[in-house]
Every structure is written in structure tokens, then in C-alpha cells.
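Subject: Structure for your review

Dear colleague,

Please find below the structure I am handing over to you, followed by an account of what was found in it. I would be grateful if you could read the text alongside the model.

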Amino acid sequence: MTKNITVTTVGLGYIGLPTSALVASNGIKVQGMDVNPSVVKTINQGEIHIVEPELKDYVSKAVEEGFLSASTEVQSADVYLVVVPTPFKGNHEPDISFVESATENILPHLKEGDLYIIESTSPVGTTEKMRDLIYQKRPELKDQLFIAYCPERVLPGNVMYELVNNDRVIGGINEESTQKAMDFYALFVKGKLHATNARTAEMCKLTENASRDVQIAFANELSLICDKAGINVWELIELANKHPRVNILQPGCGVGGHCIAVDPYFIVSDYPRESQLIGKARETNNYKSFWVAEKIENTKLAFQLKHGRVPSLAIMGLAFKPNIDDLRESPAKYIAQKVIQNAHDEEIFFVEPNITEHQIFKLSDYKTAYERADIVAFLVAHDEFKTLPKTDEKVVLDFCGIYK
Ligand code: SAJ
């Protein structure tokens, strides 16, 4: 495959836009499609609508050089990349309607020899389902297209580096499709490309995130045990990890984000009897957030009993993980909401140094909040918080290892 091809990406979000910009930066013509006109307008001006280091430079350069453009309509191309969200419905069942509608939009443009790839996290069997949909609607193209699944695995905050350097797992609906997709990714990926089939590639993505979820659940469970046993969980994990074959992750105030807290449900929902551990890990990590909220409430009541007045509270961190501005599926945000629900007339300082304002929470500066609160609850281990002086004058609840 040469670089003299056109690529259409459907979905210009946290993964679709960086991927489009990266492909375009390799001298390949990319036409991004997004249903949101303001996103399209922003990108066509060389600007970006998400926070991700280095992304702005890639986008503005690619737009300026004419290799990247955005539109609210799908444009005809040789390669189609589906990079739309796959959320879950109320009952934790995966919702692949965005993948379906992206595919419906691509359908009229398909021609013999085109390559269609799904990157969106998807339940096992989605690529085959889309193959059936495509060939049902365009029977004259039956077996004339290359169809594959290739999940992204990048870490928010390090996307531009990882898109190039991470290994990729690529699974086609047949060997020719796998090979064609491998040729495509070889144009811009330096990491190794691993060939498999579509179902294995789909399950591989789910497995990676479920594996991390299970490991974090183990750490969170330890934190509950240690709290009862009067043991410092951070010290315990550090010591256990001195064993050459033990590598325990860090407990926190729960698991958030739009991947690890979501993807395991795609396995549990399709294989409920078989995925006991994976399902339990989800429950454990969700319970941890509930437990943290209870702990803050109980600490508040104990303070009131001891001092005869209501304490002021500092809720330190709202993002779903350290040093980012992303509050989606954030356990810290959930806990902060619970604190508001439980509040009477106490003063509460909400702190999130990575954003300037929030619709629900009136934000305070982290130093002021720390100075003025009687009870300080660290929910997210942002770097700023680690610079605060340690004190015995207030009640400090360290749920994320600020002082580890
Ligand atoms: N967390 C802990 N303890 C830890 C590590 C993480 O409580 O020791 C929490 C974080 O605070 C956060 C959540 O887990 O709330 C998820 O954070 P993360 O940094 O583990 O992962 P994400 O959601 O930012 O990105 C993950 C990555 N997957 C894996 O590491 C297996 C990334 O590579 C995937 O591309 C991404 O999901 C995705 O898009 O699926």
C-alpha cells in the first residue's frame, strides 16, 4: 500500500482526531467526519476541542498543509476508520448504535477493494455483524471488501507518542483483510503489528482493560482490609512489590474514565456465567467510591461530636485520574456529589487544579482550600497536592496515596 490513498475517519473525538492528525502528518490525505458541526469548524480552523499534549501542533500543521479536513458528511475514500464511542446502556449492555450508524453512513461510498476498519472498543462479534450489514445492503460488493478490527490502546495524556509506538493487534474477517489492514497501519505505526482474527482482536481490547480493572480491584480490596486492620496500605503494597513476581497496582477512590470502568461490562454482559471475577472486580471498584463517600461522612460526624461544631471540608480533586482535566466517569466527581447530598450548612471547598470552572462545583484554589478546611479528603493524586505541607492540625483522609 502506498501513501497515495485517501482515508475517511468517522468520529473526531479523543482517539479519532489524534489518529486522523497522525495519519495526515505522514502525507496521507485524511477526511475526518463528525456529527458535531462545532467540532468540524474548530478542526478546520486548525484548532482542537480536547486537551491532549502535542495534538494541537499536529492538527494545525496537517490542516495548513491540506492533508487534514473535517466535515459533517462522510467523504468517499479508499480506507474507512470507525472511531466512535461505544457506551453502555442503563443495564450495562454495550450500545453499538454509533458503530452501526457510522457504518450506515459509510455504506453508500464503498467500492470494490476498499478497506473498512473498526477501532472503537466493541463487543465480540461486532466486526462480523458489520460485515453482514454491509453485504446485506451492498450485495454486489460481497467478498470484494477488506474488513478488519484494530483497537487503539493509547493512554490519555500520552496519545501522540503511543499511537506511533505501541504495538497493535489487527484482526480481519479473513486473512486478506488482516493483511490489508496490516499494510495500512505499517504506513504510520512504528510499534509491532500483530495479526489475528477479528473476534480475538475485539476480545483482546476488552481483556486488556478488564485485566487492569481486576488488578486495581485487588488493590482497592486491600485498602479496605488495611483500613480495618490499622495497616498503611501504601507501605504494605510497596513491601509486597519487593517480591520479584508480585506487582500490585495502587488503590484509589474508585476506577473511572471511559475505558476501564466500561469495557469489562462488554464481557460480563455477553458471558455472565463465565465472567464471575471480572464482574466482581467492577463491583469492588464501584463499591470503593461508595465507601470513600461514607468515610468522609463518618469523619464529619466524628469531628462534630468531638468539637461541637460542623467542620469545613476540602474535596481535593475531581478528575478521573491524576494530572488530567477529564471528569468523565470520575469516581471523585461521584464522591463530591455525595458530599453535597449529605451536606447541611458546612463550608465545602471543591478543588480541581486542571480546570478553571465547573457547572456544579464552585472551585477553590488548592492552597486556600487546604489551609481553611478542618477535614481534607485527597481523592486524586494531582502533582500540586504533593507539594502541600504535612500537618497534624487537621484531619487528613488520604484516599490516593499523596503521602505514600
Ligand atoms: N487507577 C487506580 N490505580 C492504579 C491505576 C489506575 O485506581 O494503579 C485508576 C485511575 O485513577 C483511573 C482508572 O483507574 O480512575 C483508569 O486509569 P488508567 O490510567 O489505568 O487508564 P485509562 O482509562 O486512562 O486508559 C486505559 C489504558 N488501558 C490499560 O492500561 C490496560 C489505555 O492503554 C487504553 O487505551 C484506554 O484505557 C482505553 O482507551 O481503553
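The centres of domain 1 and domain 2, taken over C-alpha atoms, are separated by 34 Å. Domain 1 covers residues 6-206 and domain 2 covers 233-398; these bounds come from an automatic or database domain assignment. Across the boundary, 18 residues of domain 1 are in contact with 13 residues of domain 2, contact meaning heavy atoms within 4.5 Å.

Two remarks on the basis of these values are in order. This is a predicted model, in which local features need pLDDT of at least 70 and side-chain atom pairs count only at pLDDT 80 or more, while totals for chains, interfaces and linings use all residues. Residues are numbered from 1 along each chain as its sequence is written, and side-chain values use heavy atoms, with hydrogens and water left out.

The ligand

The shell around the ligand holds 20 residues, of which Val-154, Lys-205, Asn-209, Arg-212 and Phe-320 come nearest; a residue is counted as near if one of its heavy atoms lies within 4 Å of the molecule. Both domains take part, as domain 1 and domain 2 each supply at least three residues of the shell. Helix α8 (residues 198-229) gives the most, with five residues. Helices (H or I, at least four residues) and strands (E, at least two) are DSSP runs, numbered from the N terminus.

By class, the shell comprises nine nonpolar, four polar and seven charged residues. Here Ala, Val, Leu, Ile, Met, Phe, Trp, Tyr, Cys and Pro count as nonpolar, Asp, Glu, Lys and Arg as charged, and the others, Gly among them, as polar.

- A polar backbone atom of Val-154 is 2.7 Å from an oxygen atom of the ligand.
- A backbone N or O atom of Phe-320 lies 2.6 Å from a ligand oxygen atom.
- Lys-321 places a polar side-chain atom 2.8 Å from an oxygen atom of the ligand.

On its own, the ligand has 770 Å² of accessible area, and the protein covers 86% of this. Accessible areas come from the Shrake-Rupley method with a 1.4 Å probe; for residues, only the protein chains shown count as cover.

Buried residues

In what follows, buried means under 20% relative accessible area, exposed over 50%, and partly exposed in between (1.4 Å probe, protein chains only).

Ile-170 is found in strand β7 (residues 168-172) and is buried, with a relative accessible area of 0%. Ile-170 and Leu-239 are 69 residues apart in sequence and lie 39 Å apart in space, C-alpha to C-alpha.

Ile-28 is found in the loop between α1 (16-25) and β2 (29-33), and counts as buried at 0% relative accessibility. Its C-alpha atom is separated by 9.1 Å from that of Thr-2, 26 residues apart along the chain. Leaving aside neighbours within four places in sequence, Ile-28 is in contact with residues including Lys-3, Phe-67 and Leu-187.

Thr-126 is in helix α5 (residues 126-137) and is buried, with a relative accessible area of 3%. A polar atom of the Thr-126 side chain lies 2.6 Å from the backbone oxygen of Pro-123. Beyond four places in sequence, Thr-126 touches Ile-96, Val-99, Ile-118 and Glu-202.

Phe-361, in the loop between β10 (348-351) and α13 (366-372), is buried at a relative accessible area of 2%. Among the residues that Phe-361 touches, not counting those up to four places away in sequence, are Leu-318, Ile-340 and Phe-350.

In helix α10 (residues 263-270), the buried residues include Asp-263, Pro-264, Tyr-265, Phe-266 and Ile-267. The cover over the buried residues of α10 includes α8 and α11 (276-307).

Backbone angles

Most residues other than glycine have a negative phi. Glu-54, although not a glycine, has a positive phi of about 75°; Glu-54 lies in the loop between α2 (37-44) and α3 (55-64). Asn-323 also has a positive phi, near 60°, and lies in the loop between β9 (313-316) and α12 (331-342). Asn-323 is partly exposed, with a relative accessible area of 38%.

With kind regards

Terms used. Polar contact = N/O pair within 3.5 Å; in protein donor to acceptor, adjacent residues only side chain to side chain.
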